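User: I would like to go through this structure step by step. Could you explain the terms as we go?
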Amino acid sequence: MAKKPKKSRSDLILDEAERLREEKKIVDVDEETIKLVFIKLSGKIYAFNGADIKEILRFEKITFVPGTSDYILGIINVRGEIESVIDLGKIIGLSKKTANISNITGRITLAEKDGIKTGIFVDSVEDMVDVPISMLKPPLSSLSKNVAPFVSGGIEHKGGEAAILDMRKIVAKLKDEQ
Amino acid sequence: MNNNTSATTDGIDSFDILIFSIGKTKFAFDMAQVGNLSEKPKKPAMGVTLASFHEKIGFKGEKFKYKAEKVVSFLDGKNDKAIIINSPEDIVALSLKNIHPMPYLINFSSRKKAIWGATFIDGEIVLLVDLQKLWDTD
């Protein structure tokens, strides 16, 4: 019977490395993930919890409704249903002026949280990714004092860090505005 | 054109609305609240208060040039007030099935409660305005 060749040190190291990789794969499969929707607003990347975003809509005509708060851009027709559209930049203090609906382009993300459904105007939707919970970070300390109250955490995204916006805090602010 | 609401045993199932535009937004009054629709007089009649629609509805600080001003009087028998609107575009029968309530945030944030719903006419959103609430709330 032929003797099994003795494994070299490098072979053993490689075996161990592969075993560890397999273990990590198992951990990765089991790890809880969160879907994040990355959006661009005023030139910066932010993320929403995907569970709060019901749809991403092509930008279409927004009908202005006079007499409403400054953060309301108007209403839109979503397959025969009427939904409000809010100016997120105005709410979280990124812009002082309300966007002019007659000359803006972008996307509308349809969000729902705590029983409130509304379109949120954003410059663009950049990405939609499942991220392991372990990759979430606490909010950056360098966030502006306007934005910080609406942020629940941070996440690395394409070499930078995106603040994760908390829809619950945004909805609470909407209710406080009145 | 029919100024009467048509009724069923369950109550009304449709009513006529008067459609007009201010800027790029379309509005409509329930014809059951509208008295007369007439040319704007050079001087308002004695005892009649006139107000522009865009000011009453809450277009803040914006100026609008109406193509053809018309005056809508109220069907309340008082003849003491009237609203100036842009020339009406149409009067159509609106089925109750085609009325949509305003979204929560619109109702919630609205300083006036005159806009009570919306409908689609030729694919465009038309805001339904209660003429009496429009006058009563400032």
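Analyst: Helices (H or I, at least four residues) and strands (E, at least two) are DSSP runs, numbered from the N terminus. This is a predicted model, in which local features need pLDDT of at least 70, side-chain atom pairs count only at pLDDT 80 or more, and totals for chains, interfaces and linings use all residues. Residues are numbered from 1 along each chain as its sequence is written, chains are lettered from A and ligands numbered from 1 in the order in which they are written, and side-chain values use heavy atoms, with hydrogens and water left out.

User: Which helix holds B:K56?
Analyst: B:K56 belongs to helix α1 of chain B, residues 53–57.

User: Is B:K56 buried or exposed?
Analyst: B:K56 is buried, as its relative accessible area is 11%. Buried means under 20% relative accessible area, exposed over 50%, and partly exposed in between (1.4 Å probe, protein chains only).

User: And what about A:L20, buried or partly exposed?
Analyst: A:L20, in helix α1 (residues 9–30) of chain A, is partly exposed at 44% relative accessible area.

User: Which strand pairs with β9(A)?
Analyst: Strand β10 of chain A (residues 160–165) pairs with β9(A) in the antiparallel sense over 6 bridges. Two strands pair if DSSP finds at least two bridges between them.

User: What is in the turn?
Analyst: The two strands, β9(A) and β10(A), form a hairpin with 2 residues between them, and A:K158 in the turn has a positive phi of about 50°.
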